[in-house]
Amino acid sequence: MPGFELFGEKEKAQVQDVLDSGVLMRYGFDAMRNGHWKAIALEKALEERMQVKRAQLVSSGTAALTIALASAGVGAGDEVIMPTFTFVASFESILALGAVPILVDVDDTLTLDPEAVKKAITSKTKVIMPVHMCGSMADLGTLRTICKNHNLILLEDACQAIGGSYEGRPLGSYGDLGCFSFDFVKTITCGEGGAIITNDETLQKNADHYSDHGHDHIGKDRGAEGHPFLGYNFRISELHAAVGLAQLERLDEFLAIQKRNYSILREALSSIPEITFRKVPEGGVENYSFLSFFMPSKALAKKTHSELLNAEVDGCFYWYNNNWHYYRKWEHLTNQKSLGKLPKEVLEGLQDFSKTDFSQSDYWVGRNISCLIKLGWNKDEVASRAEKMVKTINKVMAISHS
Ligand SMILES: Cc1ncc(COP(=O)(O)O)c(C=O)c1O
């Protein structure tokens, strides 16, 4: 998903503007900044691109998730439903508020299984948080109905899926709240950064205040602003926002390259009868940042992954064994290893991971391989990569049949 691959003159020019003005902070210093408001400009551009009323830029995707949850009133002991396959930021953001992450199975979409979600809802559930891993989405229509029926908030983690859509709407804009990451390896980058988008003015106001110590941002004197509730500092700097402003302008260019490269690889892999592709829910359009497919068994997926590495096909991931993206290796969460004491509500509310059964997730993630789509490949490079992949997978299958 690397926007950094195509980092160039436009980004440098935006950053130079900020350096010339000398104002690196997003708030205040009106006279000094020479009309440069990069964070505000990027928020406006995001609102337009994502077709939402409000966007709030913050310091990271993890901060965006934490702020989104806080803005929705999530606090000590509230339960947030999240998938077993995601990034650790999902449970980090929940735990940061003293709330309880409830892990739930994924299905062939590689995101939350709505049936498993229904079973996990309790009187303490406040939010359902689907994570659009590797550029594709959950069955958002069904999840939204579940949320409506149970009076829950739908929070989309679209950190890995900017530019995808569902029922014609940009991913992140379908739920009550959506979050993006602009860290260095995302489709577009600020270096570090994130954003929350919403159509709800109250949620946006909460996000605005919470991400800046509770400042109400009324008036021109920062020291005289009110603090209607507690907050923290999750501000983005003007330098980071400047990079993002240039990158967002190039999002459609990046998506078109990703789609071209993805389509060449997918067409080639479609010739292999034993593999199937990740399900994209009806009405969904991926952002094409990864090509994800299933092998017939866990053993064959593991073998294919190591053979792809041997064949020097880089950027292919076997998430089942990954330390950061799948619950199996999250022993710091499951064994509650924290530097300080965890809140009582968290200790009492966490699932007993010696008893949980995520065999459905193991079935799908254990057979999955996801290949990163790079922007820098030319057509010949993608074609030769496709040929190598097909040859390698066919070899693995031939040995398994013999
Ligand atoms: C799905 C997902 N959510 C959240 C994050 C957190 O984003 P950040 O690195 O900007 O904190 C990431 C980052 O990799 C991610 O992949």
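I count a crossing as left-handed if the near helix is turned anticlockwise from the far one by less than a right angle, and as right-handed if clockwise. Helices here are DSSP runs (H or I, at least four residues), numbered from the N terminus.

**Ground rules.** I am working with a predicted model: local features need pLDDT of at least 70, side-chain atom pairs count only at pLDDT 80 or more, and totals for chains, interfaces and linings use all residues. Residues are numbered from 1 along each chain as its sequence is written, and side-chain values use heavy atoms, with hydrogens and water left out.

**Entry 1: H3 and H7.** I looked up H3 against helix H7 (residues 201-210) and found axes that come within 9 Å and cross at roughly 125°. Axes are lines fitted to C-alpha atoms, for helices over the stretch in contact; angles run from 0 to 180 degrees between N-to-C directions. That angle makes H3 oblique to H7. My classes: under 35 degrees is roughly parallel, over 145 roughly antiparallel, 65 to 115 roughly perpendicular, the rest oblique. H3 passes H7 in a right-handed crossing.

**Entry 2: the ligand shell.** H3 spans residues 61-71 and gives the most to the shell around the ligand, with three residues. I noted 15 residues around the ligand (a heavy atom within 4 Å). Gly61, Thr62, Ser181, Asp183 and Lys186 come nearest. By class I get six nonpolar, six polar and three charged residues.

**Entry 3: polar contacts.** I checked N or O pairs within 3.5 Å. The Thr62 side chain has an N or O atom 2.5 Å from a ligand oxygen. For Asp183, a polar side-chain atom lies 2.6 Å from a ligand oxygen. The Asp157 side chain places an N or O atom 2.8 Å from a ligand nitrogen. Taken alone, the ligand exposes 390 Å², and the protein buries 91% of that (Shrake-Rupley, 1.4 Å probe).

**Entry 4: packing on H14.** How do H9 and H14 pack? I read about 30° between helix H9 (residues 251-269) and helix H14 (residues 379-401), with axes 9 Å apart. The two are therefore roughly parallel. H9 passes H14 in a right-handed crossing. Helix H10 (residues 298-310) also packs with H14, at about 135° with axes 10 Å apart. H10 and H14 are therefore oblique to each other. I logged their crossing as right-handed.

Technical notes
Polar contact = N/O pair within 3.5 Å; in protein donor to acceptor, adjacent residues only side chain to side chain. Nonpolar A, V, L, I, M, F, W, Y, C, P; charged D, E, K, R; others polar.
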